[in-house]
Amino acid sequence: MSQKTSDKKYKSLKAKQTTSNIIVYVVLIVMAIIWLTPFILIVMESFRCETTMQVGYVIPKQFGLDNYKWLFTNTQYNFKRWYLNTFIIAVFTAVIQTIMVLCMSYTLSRMRFAGRKFLMNFMLVLGMFPGFLGMIIMYKVLTGFGLTGAGSVPGLILVYTASSAMGYYVSKGFFDTIPKSLDEAARVDGATRAQVLFKITLPMAKPIIIYTVLTAFMAPWGDFMFANYIAHNTGDGMNVAVGLQNMIGTASSLAANYTHFCAGGVLVAIPVTILFMCLQKYYVEGVTGGAVKG
């Protein structure tokens with residue numbers, strides 16, 4: 001009797017688990033469809049060749065690469081320059097910001113000095129203020145140095161990297177998970193602090209380094225608001241987000257360049273998608289590892 005009862009309970013639990021799994025999978029599938037539908041529509045529109053205007057159907061009547069060819073051959077809109085500007089800004093920002101964040105994170109994690117707590121709290125509070133509060137004064141300063149308009153590329157790099165050390169929170173949490181006993185053992189063996197950092201700590205911190213590089217690269221890659229603010233319709237200083245918006249800024253240009261805009265959006269998404277797909281494992285490890293201790 002007890003065996004039959006346990007079998008019934010097991011079957012009941014198994015049925016409930018199966019039902020809950022089905023519900024979870026259905027919800028995930030629906031969410032994936034909702035998230036992926038806009039991207040699929042943009043890709044389909046980018047290959048449509050029969051007209052450049054918005055249409056009421058999804059599947060193109062004529063497929064081709066005309067929209068992509070137009071982006072690199074059109075003389076009115078310098079897409080190649082926009083794309084190169086964005087790439088330069090993103091690469092320099094990723095390198096400089098990663099160095100600054102890792103240096104700050106390692107210092108706060110491994111060293112003890114007067115004012116350390118105050119510095120951490122000060123940067124935490126300062127980081128709570130929205131960045132757009134300083135847009136006007138930043139524009140005035142950048143204008144004085146000639147870093148707006150055509151010179152907005154170095155201006156954007158400067159702005160993106162100037163306060164990047166304040167984003168030390170996740171990286172510091174990851175460094176806290178690396179045992180300090182390793183540092184102490186290396187110091188006893190005669191290693192300098194620099195040798196400890198480059199030969200022991202950084203190799204073990206590969207996930208957080210990649211996480212920092214990815215986040216630092218993606219932020220300026222898709223930035224529009226501040227980039228548009230300091231470029232002020234100067235083609236040579238635009239990044240790709242500002243340039244694409246400028247391409248469809250009016251009703252007539254939207255009708256003439258809608259499919260070109262979709263093609264540009266696909267090209268913008270490709271580098272970030274490839275990077276994230278290749279480095280997703282390290283990205284997740286960096287987030288979860290940095291969230292353990294703070």
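## Arg116 and helix α4

Arg116 is buried, with a relative accessible area of 9%; buried here means under 20% relative accessible area, exposed means over 50%, and partly exposed is in between (1.4 Å probe, protein chains only). Arg116 sits in helix α4, with helices (H or I, at least four residues) and strands (E, at least two) taken as DSSP runs and numbered from the N terminus. Not counting residues up to four places away in sequence, Arg116 touches Leu108, Met111 and Lys172, where a contact means heavy atoms within 4.5 Å. Pro207 is 91 residues from Arg116 in sequence and 25 Å away in space, C-alpha to C-alpha.

All of this belongs to a predicted model, in which local features need pLDDT of at least 70, side-chain atom pairs count only at pLDDT 80 or more, and totals for chains, interfaces and linings use all residues. Residues are numbered from 1 along each chain as its sequence is written, and side-chain values use heavy atoms, with hydrogens and water left out.

## Two sides of α4

Which residues of α4 (116-126) are buried? They are Arg116, Met120 and Met123. These residues cover an arc of only 70° around the axis, which puts them on the same side of α4; the arc is that of the directions from the helix axis to the C-beta atoms. As a reminder, an α-helix has 3.6 residues a turn, so residues three or four places apart point the same way.

As for the buried residues of α4, what covers them includes α3 (79-110) and α7 (169-177).

## α3 against α10

Helix α3 also packs with α10 (residues 206-221), at an angle of about 145° and with the axes 8 Å apart. The axes are lines fitted to C-alpha atoms, for helices over the stretch in contact, and angles run from 0 to 180 degrees between N-to-C directions. The crossing of α3 past α10 is right-handed, a label used when the near helix is turned clockwise from the far one by less than a right angle, with left-handed being the anticlockwise case.

On the α3 side, the residues making the contact include Tyr83, Phe87, Ala90, Ala94, Gln97 and Val101. From α10, the contributors include Ile209, Thr212, Val213, Ala216, Phe217 and Trp221. Sorted by class, this contact has 15 nonpolar, five polar and no charged residues. For that sorting, Ala, Val, Leu, Ile, Met, Phe, Trp, Tyr, Cys and Pro count as nonpolar, Asp, Glu, Lys and Arg as charged, and the others, Gly among them, as polar.

Leaving out residues up to four places away in sequence, Tyr160 touches Ile89, Thr93, Gln97, Pro220, Asp223 and Ala227. Among these, Ile89, Thr93 and Gln97 of α3 and Pro220 of α10 also take part in the contact of α3 with α10. Tyr160 and Ala216 are 56 residues apart in sequence and 8.8 Å apart in space, C-alpha to C-alpha.

## Two phenylalanines

Phe63 is in the loop between α1 (2-46) and α2 (66-73), and at 51% relative accessibility it counts as exposed. Setting aside neighbours within four places in sequence, Phe63 is in contact with Met44, Phe47 and Cys49. From Phe63 to Tyr169 is 106 residues in sequence and 48 Å in space, C-alpha to C-alpha.

Phe72 belongs to helix α2 and counts as partly exposed, at 40% relative accessibility. Phe72 and Asp236 are 164 residues apart in sequence but 15 Å apart in space, C-alpha to C-alpha.

## The whole chain

Zooming out, the chain has 13 helices and zero strands. Its radius of gyration is 25 Å, whereas a compact globule of 294 residues would have one near 19 Å; the radius is taken over C-alpha atoms, and the globule rule is 2.2 Å times the number of residues to the power 0.38. Along the principal axes, the C-alpha atoms fill a box of roughly 75 × 65 × 35 Å.

Of the 294 residues, 35% count as buried. Among contacts between residues at least 6 apart in sequence, 72% join residues at least 24 apart.
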